[in-house]
Amino acid sequence: MSKFKKGLEGIIALETEISYIDGEKGILEYRGHRIEKLAELSYEEVVHLLLYDKLPNTEELNEFFNKTKVIRELDVRTKEVIHYHNFNIEAMDALMTALAHISQGDPDLNVNTPEANIRKALRLIAKAPTIVAYYQRIHEGKEIVKPNELLPHCSNFLYMLRGEVPTKLESKILDLDFILSTEHELNASTFAVRVTASTLSDIHSAVISGIGTLKGVLHGGARLAVMNMLDEIGSPKKTEEYIMNMINTKQRIMGFGHRVYRVVDPRANIFRDLAKKIAEEKKDMKWYDMATKIEEVVTRELVEKQGKPIYMNVDFYSGVIYKYLEIPPKLATAIFALGRITGWLAHAMEQYSDNRLIRPRAKYIGEHHSQDKEISKLTKD
Ligand SMILES: CC(C)(COP(=O)(O)OP(=O)(O)OC[C@H]1O[C@@H](n2cnc3c(N)ncnc32)[C@H](O)[C@@H]1OP(=O)(O)O)[C@@H](O)C(=O)NCCC(=O)NCCS
């Protein structure tokens with residue numbers, strides 16, 4: 001048996017053509033394209049790239065938009081499910097529950113061909129934001145806002161959530177948030193998706209496995225933790241003391257550290273620039289100033305003094321941006337899932353295309369009991 005590595009750190013578990021990370025140099029590519037270049041595109045273009053392995057030309061992009069904009073609305077029974085659960089469950093649980101419900105009505109549920117999986121993938125990408133927006137509106141006791149076919153994917157989500165068309169910068173920022181969040185090689189939730197797909201379970205179930213895994217605070221839940229931390233600190237003046245206290249009491253600072261990157265996460269740099277832009281547009285530097293102070297203290301104390309590679313990751317400034325977009329903190333992880341869903345779907349389809357059941361081994365470290373006595377006697381002892 002091969003060597004055991006806790007947390008599977010550094011283990012190559014499979015081959016992929018979807019994304020590439022160089023954790024030493026801070027490089028991230030989706031299908032061979034650098035993230036900094038992809039950040040200049042729209043989310044729809046990146047979705048096309050991930051699902052079809054091709055950046056779309058104008059005609060393909062229009063066709064893609066026309067196909068997805070008309071399937072955003074939910075069926076009546078799924079809306080009832082969201083209404084029924086709304087006060088009792090969190091957004092991520094609502095997303096899992098509603099998607100499980102949607103899967104039951106999907107005409108391709110039990111068809112696992114590449115064509116059927118693309119159809120299901122488009123429906124999942126189009127409908128998931130509607131679930132989260134409806135969940136939040138119902139939760140707030142407001143009327144739901146139906147999808148607007150004139151708006152692109154991300155602006156439509158903000159529109160359904162807030163009931164008004166977002167500004168150009170707000171739309172661009174959410175677009176970028178989705179682009180930067182959508183894919184990241186074999187992170188924990190994508191691994192969960194691939195394990196589920198490798199059993200030849202359906203693509204809805206694979207995505208639901210991903211949502212359950214993303215929820216944890218060491219993964220997508222860190223974004224919510226960053227927003228809560230900013231709220232708790234409350235002002236730029238209190239930041240140094242707060243972070244020093246966390247460091248001295250050996251607490252983890254959310255939005256920092258990464259299993260793969262040994263330098264700054266390249267997505268975090270793009271998010272930092274965006275956070276500054278939106279802070280300036282809103283003429284409110286408070287959250288941005290607090291964030292830069294946190295970054296300064298963590299770098300000084302953990303990187304420079306302790307020599308640990310604990311740099312900001314994707315969740316740090318994205319949490320700051322959500323403060324400016326006035327996104328309720330409880331939606332932070334669910335919105336991450338709305339971006340990540342495309343990466344999960346691309347990975348599930350890649351898994352189906354050349355499948356082998358993912359089934360590693362465990363090293364048994366328990367006792368081996370004597371084989372001499374009968375088991376019935378052992379239980380009486
Ligand atoms: C992401 C994360 C789980 C990766 O962890 P990992 O590869 O398993 O690294 P480890 O947990 O082994 O940590 C290595 C060391 O760095 C420290 N460390 C890691 N992340 C830290 C953080 N955010 N704040 C403070 N210390 C941290 C650990 O305490 C440990 O120190 P030690 O060697 O003195 O015990 C971890 O960095 C973390 O918990 N970050 C905060 C949550 C977060 O932002 N998650 C989103 C990831 S995109």
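Mentor: We will go through helix pairs, then a cavity and a pocket.

Mentor: This is a predicted model, so local features need pLDDT of at least 70, side-chain atom pairs count only at pLDDT 80 or more, and totals for chains, interfaces and linings use all residues. Residues are numbered from 1 along each chain as its sequence is written, and side-chain values use heavy atoms, with hydrogens and water left out.

Trainee: What describes two packed helices?

Mentor: The angle between their axes and the distance between the axes. Axes are lines fitted to C-alpha atoms, for helices over the stretch in contact, and angles run from 0 to 180 degrees between N-to-C directions. Helices (H or I, at least four residues) are DSSP runs, numbered from the N terminus. Here, the axes of H2 (residues 43-52) and H16 (residues 332-353) come within 9 Å and cross at roughly 15°.

Trainee: Are H2 and H16 roughly parallel or roughly antiparallel to each other?

Mentor: Angles under 35 degrees count as roughly parallel and those over 145 as roughly antiparallel. H2 and H16 are therefore roughly parallel. Their crossing is right-handed, a term for a near helix turned clockwise from the far one by less than a right angle.

Trainee: Which residues of H2 and H16 meet?

Mentor: Contact means heavy atoms within 4.5 Å. From H2 come Tyr 43, Val 47, Leu 50 and Leu 51, and they meet H16 residues including Leu 338, Thr 342, Leu 345 and Met 349. The residues of this contact divide into eight nonpolar, three polar and no charged. In that scheme Ala, Val, Leu, Ile, Met, Phe, Trp, Tyr, Cys and Pro count as nonpolar, Asp, Glu, Lys and Arg as charged, and the others, Gly among them, as polar.

Trainee: At what angle do H9 and H16 pack?

Mentor: H9 (residues 188-198) packs on H16 at about 35°, with the axes 9 Å apart. This crossing is right-handed. Among the H9 residues that meet H16 are Val 193, Arg 194 and Ala 197; the H16 residues include Trp 344, His 347 and Glu 350. By class, the contact of H9 with H16 has five nonpolar, five polar and three charged residues.

Trainee: How do H14 and H15 cross?

Mentor: The axes of H14 (residues 286-305) and H15 (residues 314-324) cross at roughly 165° and come within 9 Å. That makes H14 roughly antiparallel to H15. H14 passes H15 in a right-handed crossing.

Trainee: How many cavities of 30 Å³ or more does the structure hold?

Mentor: On a 1 Å grid over the protein atoms alone, a cavity is a set of points where a 1.4 Å probe fits but cannot get out, and a pocket is an open set with protein on both sides within 12 Å along at least five of seven lines; lining residues have an atom within 4 Å of a point. Grid points are joined across faces, edges and corners, and a volume is the space filled by probe spheres set on the points. The structure holds one cavity of that size, and the largest cavity has about 80 Å³ of space. Tyr 43 and Val 47 are among its lining residues. H3 gives the most to this lining, with four residues.

Trainee: What is the volume of the second largest pocket?

Mentor: About 340 Å³. Of its 17 lining residues, those closest to the centre are Arg 31, Leu 51, Met 349, Glu 350 and Ser 353. H16 gives the largest share of the lining, five residues.

Technical notes: Helix = DSSP H or I, 4+ residues; strand = E, 2+ residues; numbered from the N terminus. Parallel < 35°, antiparallel > 145°, perpendicular 65-115°, else oblique.
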